[in-house]
Amino acid sequence: MAEQIFRGRVPAPPQRKDRWRWYGPGLLWMLSAVGTGSILFTPRVGSVYGYDLFWLLIIVVFFMWVMIREMARFTIVTGQTMLEGMHTLKGPKNWAVWLVFVPQLFAAAVGIAGLAAIVGSAFSAVFPGPNAVYAEATVLACVLLTTSGKYARIEQISRWMAIALMVMAVVSAIAVFPALSKLAEGLTFRWPDKPDLYVISPWLGTILAGSMGIVWFAYWTATRGYGGGLQGRERDDEQAEGTPTDKDEPKLPPRYEREARTQDWVSVMTGAASLGVIGGFIVITAFLILGTELLAPAGVVPEGADVALDLTRLFSDVWGEAGKYVVLAAIIIALGGSVLANQDGWGRSFADMTLILTRDQRHARKGWAYSMLHWLAVTTGQAPFARRSLKRLFIVTVTGVIPAGIILIFEDPVAVMSASGIIAATHTPFIVLTALLVNLLRLPPALRPGWFYIVSMTLSGLFYLIFAVVYLLNFFGFNTSALPGL
């Protein structure tokens with residue numbers, strides 16, 4: 001029988017109106033998730049296919065809600081990250097963690113390069129100079145801020161600009177909103193006669209969150225203190241203010257009481273996830289309307305080095321010339337904030353995975369991994385094998401130096417971001433199905449997902465798997481047009 005994992009102490013969860021104070025992770029996730037999938041790829045899909053794929057958006061949003069909810073379930077119940085759960089799976093040592101780690105190294109480097117390239121495109125639309133120079137400067141500035149840890153104020157500004165961008169999108173969409181019946185036509189299953197998977201696949205991979213963004217929601221709920229937060233590991237941040245504690249609870253509550261408290265925490269998390277997903281859905285729908293009503297009639301599909309200038313068409317028809325510059329400023333600050341958030345998130349995740357993968361060598365104090373980590377500790381002056389040092393190392397290299405090189409080689413921001421989105425779309429099924437397996441094997445029976453969530457997680461994994469297989473077949477030259485619906 002598989003070993004079950006259940007945290008020892010569970011603080012009392014918030015009740016009734018107090019729960020609203022705990023929905024911050026849902027808002028943070030929405031602001032970070034409504035990035036390139038909304039600003040770049042959704043208008044492209046609207047320009048090419050109109051509302052024909054609106055039904056697909058609804059399906060993906062529902063699956064996203066299920067996926068982030070089940071990722072956070074494991075952390076709330078166990079006090080561990082899902083990566084630790086994957087580490088416990090039987091088979092070749094750490095096979096699941098390796099299969100998350102390696103693809104995400106590529107996704108991180110390409111994703112940061114694409115985000116920075118779009119920011120560079122916005123800068124070059126206002127100031128003289130090539131995109132690449134501004135993109136390189138964006139990467140460098142963000143690396144300096146994330147490694148120093150002094151980017152909280154800028155992150156707050158970027159969130160407000162992201163909110164401003166979302167509000168402008170929704171108001172603009174209302175101004176050009178078609179007849180409701182026209183939008184409702186997109187609820188009917190219709191697959192394009194000649195689907196361009198280069199347009200559709202990156203969109204699917206970035207709607208609300210990429211494959212690793214699904215995992216980050218659990219990090220944010222843990223940092224906020226859901227269920228008691230993460231246990232038995234170094235913390236980079238102090239426990240959030242207002243987090244319930246059990247300092248005054250000298251005795252371990254009975255198991256049934258801990259299970260009941262944990263279920264309540266899962267309920268609070270479900271509310272936060274719902275808030276983030278619904279808000280993100282509204283914003284993405286707004287960008288779909290704008291792409292369909294404004295870009296499609298003009299025959300504009302945002303692409304190339306001038307992608308930011310193309311995107312200003314989404315607002316200039318409603319807000320005039322002033323709207324153009326407001327949008328460019330919002331793109332620079334909001335997506336610049338996304339670079340910061342993604343560097344921090346990937347750096348944190350890679351550090352966790354490195355410590356998991358090298359655990360045996362560190363305990364035995366021998367091996368190449370132990371030697372490298374010891375050298376890093378001596379060089380940086382940090383405590384041996386400190387998570388903070390590893391996080392900074394990955395930020396500088398994987399989300400700094402390598403993206404800078406990609407920007408110099410590839411000039412088209414859309415091509416770079418498309419590659420990142422496609423990696424996310426093809427990697428999602430593995431992460432989702434493996435997470436479901438971990439929840440079923442490692443959580444106590446009373447706290448495992450019910451049949452509704454088991455079926456929904458399975459369908460979401462298969463859904464992404466089908467798209468990944470079809471895209472890869474096309475990529476390697478196989479004709480999939482003869483397949484049903486393709």
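Tutor: A residue is buried under 20% relative accessible area, exposed over 50% and partly exposed in between (1.4 Å probe, protein chains only). The model is predicted: local features need pLDDT of at least 70 and side-chain atom pairs count only at pLDDT 80 or more, while totals for chains, interfaces and linings use all residues. Residues are numbered from 1 along each chain as its sequence is written, and side-chain values use heavy atoms, with hydrogens and water left out.

Student: How many aromatic pairs does a search of the whole structure find?

Tutor: Rings of Phe, Tyr and Trp (its six-membered ring) pair if their centres lie within 6.5 Å; planes under 30 degrees apart are stacked, over 60 edge-to-face, and the rest tilted. The search finds 24 such pairs. For Trp55 and Phe189, the centres are 4.6 Å apart and the planes at 55°, so this pair is tilted.

Student: Are Trp55 and Phe189 buried or exposed?

Tutor: Trp55 has 11% relative accessibility and therefore counts as buried, whereas Phe189, at 58%, counts as exposed.

Student: What kind of aromatic pair do Trp216 and Trp346 form?

Tutor: Trp216 and Trp346 are edge-to-face, with 5.3 Å from centre to centre and 85° between the planes. Both Trp216 and Trp346 are buried.

Student: Which residue lies over the face of Trp22?

Tutor: A charge sits over a ring if NZ of Lys or CZ of Arg is within 6 Å of the ring centre and within 35 degrees of the ring normal. Arg224 lies over the face of Trp22, 3.8 Å from the ring centre.
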